[in-house]
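Take them in order, with the model open beside you.

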Amino acid sequence: MKKLYDQMLENIKNSKEITDDAKRGLMSDLLKASENKANILITGATGCGKSSTINALFGIEKAEVGTGVDPQTMSITKYDYNGLTLWDSPGLGDGPEADKRHAEGIIKKLTERDADGNLLIDVALVILDGSSRDLGTSFELIEKVIAPCIGKNDKRLLVAINQADIAMKGKHWDAENHRPDETLQNFLKEKEKSVHERILNGCGISVDPISYSAGYKEEGQPQEPSYNLAKLLYYIIDSIPEEKRVATYLEANADQQVWASNDSNDYAEKIQKKLGWKHTLKSTSEGAMIGAAIGSLIPVIGTTVGAAVGGLVGFIGSFFD
C-alpha cells in the first residue's frame, strides 16, 4: 500500500518540470519533514479492528519489529515508518495472566522516555468495538491502565469507536455510499456521548470519542471503503505535538477511496490548518489538486520551488474529494 510520502517522492523524481537541483532540494525537505517521528500506541480489545484501522490509515507494509526480550512488552508489535512509529498492543480480555502481561506492557510503554527525557508515546489511541454493547473490558483498560499513566492530559488519549457499519446489526448502514443513515447516526452520537460520560465519571478525563468504520481488507485484496477515516486522521494529528504533524501526515495511505466518506467535508481544511498551511485549499470533482504555490502553502517543508511543485504534489487535496 503506497504512502503519501512515497507517492510525493516518486512524483518528484519522475517530474520533467523541475530541475535536478530542485528535485534534490525537495527530497531533502521531505526527509527533514520525516525526522520528527510521532509515536502512537494503539490498543483495544480483541476484535475491535486495530489491524484494519492501521491498514486503512497507514498500511502495514513495513516489517513488524519486536520490542525486545522483555516479557512485559513482547506482545506489543512495532511498525516503523519514515516519519511515524506505531505500537500495536493487545488490550484486556484474554484471560488474567495475559491481561496482566498486556497491562504491564502498556504501562511500561506509556511511561517510557526517549533519549531527550520526553515521554515516548505522543498519543494512545484506544479502539472500541461499535457493534458490541459490552464495553466493560475497554473501560477497565482506560480507567485502570491508561488513565493513571497519562493523568489529566487528555491530549494523550484518543478514543475511537470502530465498526460503525455493523452497529445496530448493520440494518441502518448505507452500503452504497459507505455511511450511516440518520437513525444510525443518532445511535452513534448517543454511543459517543455515553462513552464520554463513562470515561469522565470513571477517571476524570474528558475525551470526545468519534465513530468510524475502517473497512475490511483481506490479504492481497483492495481496501474496502472506510467511513470517517479523515476525521480520525484529523483527531490524531490534532493530538500530537505540532512539530510531528507533517511527518505523520506524510505516512497517510495514498489510496484515495479510504478518505472519501465522512460526516463532514471540512476535515481536509482542518488538517491543513493543523499542518500550518496558510491558505484554504480546495479540490474539484476531478480531484484537482492543491494549487499552484505549494511552496508557500507548506512552509514547514521549507521548499521554495513554488508553482511547479504544486502540480506534482497537488493530489493531496484530492484525497478528501
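## Notes for a first look

1. We can begin with Asp80, a partly exposed residue with a relative accessibility of 27%. Please keep in mind throughout that this is a predicted model. Asp80 has a salt-bridge partner in Lys37, and their closest N and O atoms are 2.7 Å apart. The two come from distant parts of the chain, 43 residues apart: Asp80 belongs to strand β3 (residues 77-80), while Lys37 sits in the loop between α2 (20-33) and β1 (38-44).

2. Now for the overall picture. The protein has 321 residues, and 52% of them are buried. Its secondary structure consists of 12 helices and nine strands. Among contacts with a separation of 6 or more, 69% are between residues 24 or more positions apart. The exposed surface comes to about 14,700 Å², with 47% supplied by carbon and sulfur atoms.

3. How many salt bridges does the structure hold? The count is 11. One of them joins Asp88 to Lys50, at 2.8 Å from N to O. Here, too, distant parts of the chain are linked: Asp88 is in strand β4 (residues 84-90) and Lys50 in helix α3 (residues 50-57), 38 residues apart.

4. Are Asp88 and Lys50 buried or exposed? Asp88 is buried, since its relative accessible area is 8% and the class takes in values under 20%. Lys50 is buried as well, at 13% relative accessibility.

5. Arg198 and Glu143 form a salt bridge whose closest N and O atoms are 3.2 Å apart. Because Arg198 lies in helix α6 (residues 182-203) and Glu143 in helix α5 (residues 136-150), this pair ties together parts 55 residues apart in sequence. Arg198 itself is partly exposed, with a relative accessible area of 38%.

6. Salt bridges can also be part of a network. Lys155, Asp238 and Lys274 are linked in this way.

7. Let us turn to the aromatic rings. The whole structure contains four aromatic pairs. One of these brings Trp173 and Tyr227 together edge-to-face, with centres 5.7 Å apart and 85 degrees between the planes. Trp173 is in strand β7 (residues 173-174) and Tyr227 is in the loop between β9 (210-211) and α7 (229-239), so this pair ties together parts of the chain that are 54 residues apart. Both residues are buried.

8. Tyr234 is buried, at 13% relative accessibility, whereas Tyr235 is partly exposed, at 22%. Together with Tyr267, Tyr234 and Tyr235 make up one aromatic cluster.

9. One last stop involves a charge and a ring. Which residue lies over the face of Trp87? That residue is Lys109, at 3.8 Å from the ring centre.

Technical notes: Residues numbered from 1 in each chain as written. Predicted model: local features only at pLDDT ≥ 70, side-chain atom pairs only at ≥ 80, totals over all residues. Heavy atoms only, no water. Salt bridge = Lys/Arg side-chain N within 4 Å of Asp/Glu carboxyl O. Helix = DSSP H or I, 4+ residues; strand = E, 2+ residues; numbered from the N terminus. Buried < 20%, exposed > 50% of the residue type's maximum accessible area, 1.4 Å probe, protein only. Contact = heavy atoms within 4.5 Å. Areas by Shrake-Rupley, 256 points an atom, 1.4 Å probe, with all protein chains shown as cover. Phe/Tyr/Trp six-rings, centres within 6.5 Å; stacked < 30°, edge-to-face > 60°. Lys NZ or Arg CZ within 6 Å of the ring centre and 35° of its normal.
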